[in-house]
Amino acid sequence: MKFEKFVVPPLNNNAYLVWDEKTNEAIVIDPAQGSDKLLEFTIEKNLNIRGIVNTHYHFDHVFENAKIKKSMNAAVMMHKKDVPYYEKDDMSEKMNNGKFERTTVNAELRETDLIKFGQEQLTVMHTPGHTEGSICLYSNKHGIMFTGDTLFAGTYGRVDLPGSDADKMKKTLARLADFPTGTKIYPGHGKETTIEKELEWLKKFK
Ligand SMILES: [Zn+2]
Ligand SMILES: [Zn+2]
């Protein structure tokens, strides 16, 4: 499994392109406004984007789902509990002068679903708190986790937004504290970290 991080607008989002080197099948995690960069890289490396996975429905993460879906014929996926928010959320229009192309969600995700691309896969973990349907994507084999706005280096995501739940966030953080300490964390904003580096504060939620 290989991946590349792109730091892109609108809120210094981390968009990840993850692929299987053997088959060149790829997925995008949270395109944000990075479709030009992502597609350019995809063509350069001869990758085939099969899916777009959103860690949650927020406008900054889903902004260019439609652009990538159209050009690569990729399936849009997010947790089923965030789909209703995505379908009615008007933040994307507001933040972009009414210009936002909404697209349909092709697959509603649940806990333990597997996102497969080539011979690689990521496991869906339902980690509510920041939103009802926030997910983290985990690879046991590679010891990596993509955490969206659930876990950042040094902190966790806001719990005062529509669909947020502070109690659920506590349970989610307690769950993350139990992962192997060497697990590398790739968040939706900011720099990467590890469970070990965050454990000091994470374990207070246990
Ligand atoms: Zn968010
Ligand atoms: Zn965000």
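Predicted model: local features only at pLDDT ≥ 70, side-chain atom pairs only at ≥ 80, totals over all residues.
1. Overall composition. The protein chain contains 7 helices and 14 strands. Its radius of gyration is 16 Å, close to the 17 Å given by the globule rule for 206 residues, so the chain is as compact as a globular protein of that length. Along the principal axes, the C-alpha atoms fill a box of roughly 45 × 40 × 25 Å.

2. Burial and contact range. Of the 206 residues in the protein chain, 47% are buried. When contacts between residues at least 6 apart in sequence are considered, 60% of them join residues at least 24 apart.

3. Helices H1 and H3. Helix H1 spans residues 35-44 and helix H3 spans residues 65-72; their axes come within 10 Å and cross at roughly 25°. Angles under 35 degrees count as roughly parallel, and H1 and H3 are therefore roughly parallel to each other. The crossing of this pair is right-handed. On the H1 side the contact is made by Ser35, Leu38 and Leu39, and on the H3 side by Lys67, Ile68 and Ser71. By class, these residues comprise 3 nonpolar, 2 polar and 1 charged.

4. Helices H6 and H7. The second pair consists of helix H6 (residues 166-177) and helix H7 (residues 195-202), whose axes come within 10 Å and cross at roughly 135°. H6 and H7 are therefore oblique to each other. Their crossing is left-handed. Leu173, Leu176 and Ala177 of H6 make the contact with Ile195, Leu199 and Leu202 of H7. The contact of H6 with H7 has 6 nonpolar residues, with no polar and no charged ones.

5. Phenylalanine 6. This residue lies in strand S1, which covers residues 2-8. Is phenylalanine 6 buried or partly exposed? A residue is buried if 20 or more other C-beta atoms lie within 10 Å of its own; phenylalanine 6 has 19 such atoms within 10 Å and is therefore partly exposed. Leaving aside residues up to four places away in sequence, phenylalanine 6 touches Ala15, Gly34, Lys37 and Leu38. Leu38 is also one of the H1 residues that make the contact with H3. Between phenylalanine 6 and leucine 17, which are 11 residues apart in sequence, the C-alpha to C-alpha separation is 8.1 Å.

6. The cis peptide bond. The bond from proline 9 to proline 10 is cis, with omega near 10°. Proline 10 belongs to the loop between S1 and strand S2 (13-19).

7. Alanine 32. Phi of alanine 32 is near 50°, a positive value in a residue other than glycine. Alanine 32 sits in the loop between strand S3 (25-29) and H1. With 30 other C-beta atoms within 10 Å, alanine 32 is buried.

8. Threonine 112. Phi is also positive at threonine 112, a residue other than glycine, with a value near 70°. The loop between S6 and strand S7 (114-117) holds threonine 112. Alanine 32 is buried, whereas threonine 112 is exposed, with 9 other C-beta atoms within 10 Å.

9. Arginine 110. The loop between S6 and S7 also contains arginine 110. Arginine 110 is partly exposed, and 13 other C-beta atoms lie within 10 Å. What does arginine 110 touch, not counting residues up to four places away in sequence? The residues concerned are Lys80, Val124 and His126. Arginine 110 and methionine 125 are 15 residues apart in sequence, and their C-alpha atoms are 7.6 Å apart in space.

10. Glycine 98. Glycine 98 is placed in the loop between helix H5 (91-95) and strand S6 (107-109). It is exposed, with 9 other C-beta atoms within 10 Å.

How values were computed
Residues numbered from 1 in each chain as written. Chains lettered and ligands numbered in written order. Axes fitted to C-alpha atoms, helices over the stretch in contact; angles between N-to-C directions. Helix = DSSP H or I, 4+ residues; strand = E, 2+ residues; numbered from the N terminus. Parallel < 35°, antiparallel > 145°, perpendicular 65-115°, else oblique. Left-handed = near helix turned anticlockwise from the far one by under 90°. Contact = placed C-beta atoms within 7 Å. Nonpolar A, V, L, I, M, F, W, Y, C, P; charged D, E, K, R; others polar. Rg over C-alpha atoms; globule rule 2.2 N^0.38 Å. Buried ≥ 20, exposed ≤ 12 C-beta atoms within 10 Å, placed from the backbone.
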